[in-house]
Structure formats: structure tokens, C-alpha cells
Amino acid sequence: MEAAVVGAVVGVSIRILLDNLLLIPVEQITIFWGLKKDLKKLRNSFLMIQDFLDDAEMQQVSNKAVKRWLKKLEAVAYDADNVLDELNYEVLRRNMKLNKVHAFFSRSNPIAFRRKMANKIRNINEELELINKDATGFGLQMRLVAPTPSAGSNIIDGRETDSYTADPVVLGREDDVSRIVEMLITSPAEQMLSVLPIVGMGGLGKTTLARQVYNNEVIKTHFQQRIWVYVSQNFDAIVLFKKILESLTEESIEYGSTREDLLKKIKKRSEGKRYLLVLDDVWNEEMEKWDDFKNSLLGISSGRSHGIIVTTRSDKVSSIVKTLSVHKLESLSEDNCWSIIKAKAFREGDIIPPEFETIGKNIAERCQGLPLAAKVVGGMLLDKSKDEWLSIEDTWLSNLGGDGNTISKILKLSFDRLSPPSLKKCFACCSIFPKYVWVSPEDLIELWMAEGFLQADHGNDMETMGNKFFNLLLQNSLLQVVKRDEDGKIVFCNMHDLVHDLACSVLGAKSIGTNGNVPDELYQARYITLKSFGDKSCAISKEEAKHVRALFMECKVFHNMLDFKSLHVLILTGEDLKQLPSSIGKLIHLRLIDTTLSRIEYLPDSICKLHYLETIRVDETYFKKLPNTLKYLCNLRHLHIPNIKLPLDIGTLTSLQTLPYFQVGHEKGWGIVELGSLKNLKGTLEIHNLEKVCDKEEAKNAHLFQKTNILKLKFAWSELREGDINDENVLEGLQPHPNLKSLEIDGFKGRNFPLWILKMAVHDDLEGHWIRFNHLIEIRLTNCKECEEIPMLGHLPYLKRLYLHDLPNVRSIDSSFYGIDNYSTSSSSNNQVQRETITLFPVLEKLELCKMSNLIEWREAELPTCLGLIVFPCLEYLKITECRKLMGSPSHFPYLKELEISAIDNALPLTNIYENKLLSLTKLKLDKVDGLVCLPNCLFYNNQNLSDISIKDCPNLTHLVPSFGDGKVSLKTFEVQNCLNLRILPNDLHSLSSLEILIIMNCPNLKSIPYPSGEQTRGFTNLRMLDVEWCEALTSLPCEMIASCAASLELLGLVGLSSLTNFAEVFRLVPKMPRLAHLGISAVPKFTYSPMEIGSFGNLHTLHVTPLKDSLDLASFEEFLDVLLQG
């Protein structure tokens, strides 16, 4: 199987290289070098060989000579790629108009260079002639039209599924079965066909899950007919209808039956009956085929609520077929994988030796949640010795056997289906990154670009094609998402462990260390990781190095970089790497340099010679300076750097797409005009030192309005600056394109924002009208100390997050903030508007008001002329902090979940927020609310999902509420700190049965913690942490309360309780806490104890005990401590 996978990708490599060779601008090269005849022969030779590829790929699995032929052809293709790369490089170099004298005496002396290149091309042509002859000798057939792909056809017959197979081990899928059954039996009554896709990578158990649902008793009762059809890659409607009819009749249907006959018979058999149809292993991604099949089913189905389950590896398939929610199948837990392994590896009733359990759990971890992997490995472990288990632990993936259901074959089916061929190389290239490493989509796409796997096509640039390829790998479950940002954008992905192994076998990457572990068959390895230990250099020969195209270097000592003549990708890691050698400038094929995990502080000036370089990534912490010669990198597209000063004339890099930071300078070559020529910038851009821009006209030279692909933009002025303030004028000239999704303005010192900010719309001078920022998701206004008014924001349809920080001159938030003035104006001239419902901030989820020291009022949104007004319908998080003078706030927060108020003098804003029956609160944090005396009585009755409360530094708080809501609230965390006048807690504190954390600190006037006696009280049965400190007036800690949480408590802190009268009784309960891991006792009253009472503290991890001067004397304390430690 490995030979088949590796062989397939050799053919793919050759096809990609050939495609790239045919795209080289030969006409331009021949103008300079007169090599037209040789290059034409080279092209024709490759075109002829291309016709043999299909036959060679089919024969190589069984014919080793053909496999060697393919490897030889691949090597020659790489050589040709390098030669044409050199020729084109010389064209680029000459176009840069570098030093002419240096050019004459360099390697590019025209006469010498032409002779050298001509010899190389002739040598390649001679090798290609021999390869062509070998093809004929091997009997390879020329196939001018490639045959229809038959990827995986040798597997399909062997793994056809059915509904009857008994799955002896099914664990961890009970919830999945329940959810799917529930969706099917409660599907919308108006839907005739309810389609539920089950999506997941190969080996995850989609078929097994579908079979469990299919045979579920509830399903059998609900659906009078159940039909199972194995589909796989051939989605042919007539074939599917034939299989459906065979399932219904339990008879074989003759070939030749027309579609009309099949549908007529299916209709007759299913009439008046509700059916469930399972379509297992669907690969079809053509909507027309699905619609054709579905519409025929709709035409013959009677009644309502028929169900269809579709199992697939492809997200695209699921999006095409779904009418119900997609069921994304997740990986199993390690415990479930171990349970499957045990069930397969041991017979019922066997006692599992502990040493086998340790090894088995390690193997289960490697299964990465794949039940199929666990089943296969469990079968291998049956009746094996401990040594054999250890051996399998190390090598089990390569020993899965040759049957048709191995992990390798199942994953290879996904690989075989990848199209176009370059997508297979992109997949394989992902394995360059180590297992378990999180990788950004941008990292992958830039790597694929550097390797030449992406070509611009039909108006799409390489990055666009890369995004399409990335999504295809996701859809086929060959990549998996591990992190998304707040807006759902993928931040990091990785490969499943087993998929990574497949990709590695395809890529043929090598890892070489200095410990003597040099792999065999290193011949022409293209991807290598070099590792060193100590001061030793890595062991790789010059011959080996010259073929490497991607190099991961983890060496303290640099290898001779000039040996890597074909290098396209250089990734450097390690704390010992602090500089790059200047010889890197001679690696002319280099497209990508990544130093993000090194200590490298600068790049050498010689980098200017790397005219192919597309991507530079440097470390955000250690990197300090870019070379002054950066402007000569004519193909540079992505510059990932920290916020450092850029070199001169960055505007000459007209291919640049990624430039996260730009610091404006006064001098020529550092002005904001440099941004004007960078028309292809995308993603995020921060412009700093805007105080160095003279006026609006100079700001306009950045041409931000024309940069349609900048989605996240920050304007920043330095806080410490001198001279005239012209911020309003400058910001007026920085109007961005309305496609913007995120806008931040920091350090602006104008009194008023320009009109485009106030209106949140930009003016198109050509069209003569305003265009709203209808794509804005996030706005941050920070450190705008002179600004007096907040822009109009309520009308923005997609604004999700709004941060207003450090705006000390804003005194009021009024109707202009909501955008009500617009509606009021329009309604006066349009009576129709009066009958509409207006929604303000329709999707806003998060709002922060911070450091607005002069903010006095935050008014309600009012629109008298409008019958309906909805405000903040989606707001879930509200933070108000350091707004000392704020006297009130709105009350329209219908779905608020998290509320944080701190550093305000008056409690009225909090009261206002509660006025309109706040019902959805889950978290409440109050800090330094000086006017707070108590919480509203309705808080806990109305918000039964409230889970976290934190109240700190509220000096006038005397009590919380009379009641916590009679136990209906599901509070999990309750924290009160530094509330000096708090005297009582609610009487029904004990009703908080869900409470997990209870912290009461520095409340010196709290005299008691109420807790009823009696066996009927459930108490704190889930409490994990109890910390009561510096409550000097507290006289009693209820033993009943401590006893109720003894079984669950993991941390207990009792500190500074000088008035406690029952500490001895409380302490006697401590040994009855089996899960207690952390115990702190300090500054407690004198108490007596018996060593027999202290008992054992077997699970204790940390112990903090200190004496109090009037309790235990030092000798007694040491004795007490000894007893504790012995216990």
C-alpha cells in the first residue's frame, strides 16, 4: 500500500513540474540568451514523456523497473525546473538594474552563463532521450487521453457496507445515536424528505453510527421501511434506484431495467409507508446529480417526514444534501479507545495485568480518537506477549496488515480522490510540520506557493487558489480545525495523527540528527529536517544537500548553506540560532524564509539577491531590523514582522500583500505615500506615528479607499508628541474602503472625528455618494483624549464588538450614538417609517465603556415617532469600568449574559440595567461600586442561570439580597472580597447545591454564615473550594455546612478567623475529606486536638499552616505540624 501511495505522488510531482515548466516565459528568456532551439527541444521531450505517465503510474505498483523509471524522470524534471528557474532569475536580476560591473564579472557573465546553461539543457535533453527509450523498452503505452480515475476501485468491493453486520464493540457513541434519532423522528412535518448528513474523516465510525441508528428500536417503530444503500464513488441515480428496489423486494433486479420501471416499482412498494434511507459513503459533490436523484424520490414518495441519512467525509457533500443539521462526528476519548482495544485484545473475563494496561493506554492515545484504529490495533494485540505489545506500541501503524479494511487503505481513499493533482502535493507537504503542531492556513498556503504547487488561474491569484485547496482538504477531513477566532475564521489547524503518517509516507521527508541516525535511501530527498546536539554539525553530504527543496534546520551550528543549491523553503528554529550567514543570498531559488522560532535579530543585506523570495516570517519578540536592501525583492508578497521601523522605499514592493505594520516617518522613502503603490495589500494593516503626516492631502496618498482587501485597519498616533495637532485633518484623508471589517483608532487628539467616522460611511468622490460600513464587525476607539462625541454606530448591520476606551472628554452618550437622528429625520417626511420596527445595534454582542472619567449620562434610545424600537437584541457582554461620574444607564438589555461594573461612584447604572427584568444573566462582576448597598431582590429569582458572582471592594455593601431564589438559581462560583461593611449573607445560602467555589475574604463585620441544621438540608454537595479569610467578627463556621461538602472539597482555606469559637469541631471534619489536596490554616484561635482525631491526609498536595501568637506556642505548633505531616 505504501508503494502505491508513494508511487502515485511521484507521478503527481512530475505532472506539477511539467506544468510549471510549460508556464516558464521561454520567449523572454530566449531574447537574452538565444537558447530557443534547446528549450523547444526540452519542452517537446517533456510533452512526449507526459503521454507515458498514465500507463507508468498504473504499472509501477507491480513493476519495480517502471517505478525506478518514474523516480529517474522526477529527478530530471527537478533538474530542468532548476535550470529554467536560473534563466528566469537572470532576467529578473537584469531588470533590477544592479551594478553593471559586478554583473559582468559575476556568475552571470553573458557568454559564460549562456555556455553553462546551454550545457545543462543539453545534458537534460540527453537524459530525456534515454528516458523515452526506456519507456518504449518497458512497453509503456502512450495515452493521449487520461483514463477515468479509478482511485480506490480495488478497495470498494472489499469494503461495501450493509445494515446487518454486528458491531461487536461500539463505545462512546450513545449520545450521537440519541441526537440523530431525536432529529429524525422530530423532523419538520412539512418536509417530505429530511436529510441528515453524518460527516467525519475515514475510520471515525460514520458507518457504524449509521448502523446503530438504523437498528435503533425507536427508528424501527417510527419508520415502516428501512433501506440501506452503499454508494461510494459511483453516484449513478439508476444504480441507486436499483439498489433501493433490491432492498425493498429482497430480490435481485436484472440489469437493463429502465429508470421509469425502477421508480414505478419503488413507488408501488413504498406507497403509504414512511421510510428511512441510509446512503453510506457518499462522495458526489455535484449538486445536479443530487438534485436529479432527490427530485425523483420526491416524485414517487407519498406522505411526509421520510428520513435520509448520508454518511460522508466531505463537508461539501453535507452542505449540498442537508435539510437537517449536519452531525459532525467527533473523535472518541482516549478512555473509549482503550476500552475498544481491551475488548478486542482480551477475552471476556480476562484479568488485564497492570503493565499491559500502561502500554495499552499509550497505544490508545496514538489512536487519536479513531475507533477503527483502536479495533485494528486491538486485534493485533490479541494473544501477544508484553514484548510484542511494546514492539507494536512503537511500530503499529506500519504493521496493520494487508486486508482491505486497514487504516492506510481507508485514508488512502480520501487521498486518491483529491483533485487537481497539485492538491495531493499540498496535502503531502502539510506533513513537513511535526505531529500535533498547530499551523495557520497562511503558513500552509505560503509553503505551497514556495513549492510551486499553486498557479494563478482565471483571475485568481496564488493565495486564492491556496485558500480553495485548504478548504478542499478540510472538506475531505484531511485537515482539522483546532482554533477559530471570535468571528469563526480558522486560526489554526492540524492533521490527525494517522493522516499525518499517511502524508509523511507520501512526502518521503527525512530527519537527520547528529546521533548517527542517518536514514537509508536518502537519494534525492527533497524535504529534510536537520537536528544537532551540542556543537556538532549535522551529517548530510554535499550531494544529498543539493537536491533538498525544503529544509527545517534545528542546528546550533550552521551547515554550509551553499550546499543547498535547490532550496525553496528555509525554516529555522532554536534558541541558539541568532543570525543568518550572508551566503544565503546565493540560494537564488529561495521563496520562503521563516525564522519565527529562532533568536535571529536581523537579516543580512545579501538577501536583496533573492529575487524569487515571496515570504519572510520573523520572530515577533527577538527580531529587530530588516535589511536596507529589502526594496529589491521584487516578488515579495508576504512580510510577517513585528512593529518595527521599515527600511527605505517599501513602496517599491508592489507585489506585497501582507504588511501588518507601517511606521510613518518624516524623511523621503518613509512617508505614508509609500503605502499608495502597495495596491495588493490584504488582511491587517496598522499605521503608526500618524502625527508625522502633514495634512489631509498627504494622507490621501496612502490610497486606502482603493485597497479593497484590507479588512482590519488601525490608525495610531504617538501619545508623547510635540508640535501642532492636525489629527482631524489627517484622519479625514484616511478614508478606507467600505469592505472594512475591523477599525481601531488609537491616540487621536482631535476634538471631533471627521464626518466619515461620525457617519460610519465613506464618501465615493467619483460616484458622489456615501457608502456605509456595512461589513464592520469590530470598532475600537482608544485613548482619544480630546474627543467629545462618539460616532453614530447603531445602524451598522454586522457590528458585533464595540470598545470605547480612555475617552475622558465624552460627557454624554445620546441619540446620535444610536443613529436615531437619522430615523427621526426620515420619519418626518415618510409616514411609512412610523409604522416600522427599528432595530439598533442589531447584532452587537460585546460592549465595553472604560476610562470615560467625565461620562455623566448614558441615555435610553427613544424614538417617539416610531411604533417599534428594539435595542441591543443580541448583546451578551457589557463592561463599564472607571466611569466614576456615570449617573445612569439604559435598561434595554434583553439577552445580557455577562455584566461587569467597576470603579464607579453611583449604583444607579446597575439599578437601571436591572429595571427592565434582566432574565438571562449568567455572570456578574462588581468591583469598587462605592454606592452599592445591596443587590436587587429580583436578581436571583429572574436569572436562574446565574452561575458566577464576584463582588469586591464595595465599601458600603451591607447585605446582598434577602434570598438566593429558594434554590432555583444554579450558582457555581460565589466570591465576596474586601466588603468592609458586609454584615449578613442570605438565609438560604445552603440552597446553592450547585456551588463549586465559595470565597469570603476580608469582610471584618460579617458575624455569621447562615446554615440550618437537620438532615433534610442537601447543602454544598458539589463544593470543591472553600476559602474563608480575615473575617474577624465571624464567630461560628457551621459544621453542618462543612460536613455537607466533605466528600467533594479539594481546597480548604481558613485564615484570620480570630473570633471563631468552633474551630476544633470544624478541624475534626478535615480527615473526612477524601479529595482534599490543598489545606491552609493560619491565624486561627487556640484549639485543642488529639492525634487520633487528626487522622490521615493521604491526598494532600500542599499544606500551609502558621501559628497565631495567642493560640499554640511554638513547641505545640511543631508537634501539631508533625502530626499533620505524619497523617
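Strand 34, helix 34 (residues 1039–1044) and strand 35 make a right-handed β-α-β unit; right-handed means that, with the strands pointing away from the viewer, the path from the first strand over the helix to the second runs clockwise. Helices (H or I, at least four residues) and strands (E, at least two) are DSSP runs, numbered from the N terminus. This is a predicted model, in which local features need pLDDT of at least 70 and side-chain atom pairs count only at pLDDT 80 or more, while totals for chains, interfaces and linings use all residues. Residues are numbered from 1 along each chain as its sequence is written, and side-chain values use heavy atoms, with hydrogens and water left out.

**Around strand 34**

- Of the 5 residues in strand 34 (residues 1025–1029), 4 are buried, that is, under 20% relative accessible area (1.4 Å probe, protein chains only).
- Strand 34 pairs in the parallel sense with strand 33 (residues 997–1001) over 5 bridges; two strands pair if DSSP finds at least two bridges between them.
- Strand 34 also pairs in the parallel sense with strand 35 (residues 1051–1055), over 5 bridges.
- Leu-1026 in strand 34 stands opposite Leu-998 and opposite Leu-1052 in strand 35.

- An open sheet of 5 strands has the order 2-3-4-1-5, with parallel pairing.
- Its edge strands are strand 2 (225–232) and strand 5 (327–328), each pairing on one side only.
- Strand 2 and strand 3 (residues 275–282) are joined in the parallel sense over 7 bridges, and Trp-228 has Val-278 in strand 3 as its bridge partner.
- Helix 14 (residues 287–300) lies across strand 1 (193–199), strand 3 and strand 4 (306–312), and runs at about 165° to strand 3. Axes are lines fitted to C-alpha atoms, for helices over the stretch in contact, and angles run from 0 to 180 degrees between N-to-C directions.

**Nonpolar cores**

- The largest nonpolar core has 173 residues, and those with the most contacts inside it are Leu-639, Phe-715, Ile-745, Phe-817, Trp-858 and Phe-872. Such a core is a set of buried Ala, Val, Leu, Ile, Met, Phe, Trp, Tyr and Cys residues joined through side-chain atoms within 4.5 Å.
- Apart from this core lies another, of 83 residues, among them Ile-359, Ala-428, Leu-454 and Ile-571.
- Not counting residues up to four places away in sequence, Phe-872 touches residues including Phe-817, Leu-840, Trp-858 and Pro-894; contact means heavy atoms within 4.5 Å.

**Confidence**

- The protein chain has a mean pLDDT of 83, and 83% of its residues reach 70 or more; pLDDT is the predictor's confidence in each residue, from 0 to 100.
- Over residues 397–405 pLDDT stays under 50, and the model has 19 contacts beyond four places in sequence for them.
- Residues 514–523 also stay under 50 in pLDDT, with 19 contacts beyond four places in sequence.

How values were computed:
Buried means under 20% relative accessible area, exposed over 50%, partly exposed in between (1.4 Å probe, protein chains only).
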